[in-house]
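Here are a few quick notes to go with the model you're about to open. Take them one at a time, with the structure on screen.

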Amino acid sequence: MNKTKFAIIGNPISHSLSPTMHNYWFKKYKINAEYKLLNISEDEIPSIIKKVKNGEIKGINVTLPYKKSVIPFLSKTVNDARDTHSVNTILVDKDNNLIGENTDVFGFQAAYLKSFSEQEKKNKKVLILGAGGVAPSIILALIKSNIKDITLANRTYEKSLFLKRKFKQINLIKWEDCSNKLEKFDVLINATSLGLKPNDDFKNDFSNFKKSMVYIDTIYNPPKTQMIKYFKSNKLKTFNGLNMLIYQGQKSFYLWNKINPEVDDELLELLEEN
Ligand code: ATR
């Protein structure tokens with residue numbers, strides 16, 4: 001029997017671990033399906049999405065830089081996708097509508113925020129770097145987790161203003177002020193694409209940090225970005241984006257297959273190996 005098809009679209013995409021994860025779960029739950037990488041250009045989006053509508057592909061994940069650009073080709077966005085204007089999961093509902101969902105918000109909450117106590121959340125001051133595709137999901141995850149003190153800085157200031165219009169409670173600072181204001185923050189989150197490519201990294205000075213600061217990178221490949229290496233060598237607690245990837249994937253898998261897949265040790269080993 002033909003396998004049910006799933007895919008992730010993006011560009012670049014060769015670094016993605018989503019196929020490893022979903023194919024592991026298909027095997028574990030004995031689902032006759034396969035999940036592939038599709039490196040596509042922007043003009044290929046309509047034809048790929050059409051394949052979901054006509055059933056050739058059952059579901060797709062969307063990664064950078066298309067989380068917003070897929071929206072015009074969908075029937076509607078729902079839940080966190082509607083609130084963030086960022087879609088990372090596409091499926092067809094029972095009435096054959098193309099639905100855009102967002103599982104990054106859940107992924108970020110499940111990966112990093114669940115462990116904070118209510119008291120900690122109330123007092124934490126968070127600085128987000130970046131205003132691109134993943135930033136609205138991080139902001140919404142923090143807001144939903146009751147974190148009130150959220151500040152954002154982006155190289156292009158106008159883009160942060162756009163996010164401020166949507167999420168009125170966030171504070172903005174200028175990119176150039178990150179260095180001197182860093183010491184105020186308890187959590188620093190990299191939501192830019194910096195760190196993904198070897199020669200494309202932060203030029204800012206991040207030495208003015210609080211000793212108790214936690215650093216979270218949304219990038220998982222490479223597993224240790226320059227920023228992670230830097231803060232680790234300064235004895236700070238750091239996290240890469242792997243757990244966020246896993247938990248967003250868990251929710252996508254549930255939306256498509258109505259099975260909540262287990263995050264077991266074998267999967268973690270497999271992803272770390274890859
Ligand atoms: P898009 O901006 O098209 O949504 P993205 O990959 O989702 O693309 O977002 C990239 C993020 O990384 C943006 O916040 C971007 O900042 P700009 O809005 O100023 O472009 C940030 N980024 C990418 N390269 C950067 C660099 N060299 N220095 C600082 N920020 C950078």
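1. Start with Lys258: it lies over the face of Tyr254, 5.3 Å from the ring centre. Do keep in mind as you look around that this is a predicted model.

2. There's another lysine over a ring to look up. The charged end of Lys174 sits over Tyr157, at 4.8 Å from the centre of that ring.

3. Now for rings with rings: the structure holds 15 aromatic pairs. One of them is Tyr29 with Phe253, a tilted pair with 6.3 Å centre to centre and 50 degrees between the planes. Tyr29 lies in the loop between helix 1 (18-28) and strand 2 (33-39), while Phe253 is in helix 10 (residues 242-257), so this pair ties together parts that are 224 residues apart in sequence.

4. Tyr29, with a relative accessible area of 26%, is partly exposed.

5. Zoom out a bit and you'll find both rings in one aromatic cluster, formed by Phe6, Trp25, Phe26, Tyr29, Tyr35, Phe253 and Trp256.

6. Last stop, Lys232. Look for it in helix 9 (residues 226-233). Lys232 is partly exposed, at 41% relative accessibility. Leaving out residues up to four places away in sequence, Lys232 touches Lys224 and Thr238. As for Val214, it is 18 residues from Lys232 in sequence, and the two are 9.9 Å apart in space, C-alpha to C-alpha.

Terms used: Residues numbered from 1 in each chain as written. Predicted model: local features only at pLDDT ≥ 70, side-chain atom pairs only at ≥ 80, totals over all residues. Heavy atoms only, no water. Helix = DSSP H or I, 4+ residues; strand = E, 2+ residues; numbered from the N terminus. Buried < 20%, exposed > 50% of the residue type's maximum accessible area, 1.4 Å probe, protein only. Contact = heavy atoms within 4.5 Å. Phe/Tyr/Trp six-rings, centres within 6.5 Å; stacked < 30°, edge-to-face > 60°. Lys NZ or Arg CZ within 6 Å of the ring centre and 35° of its normal.
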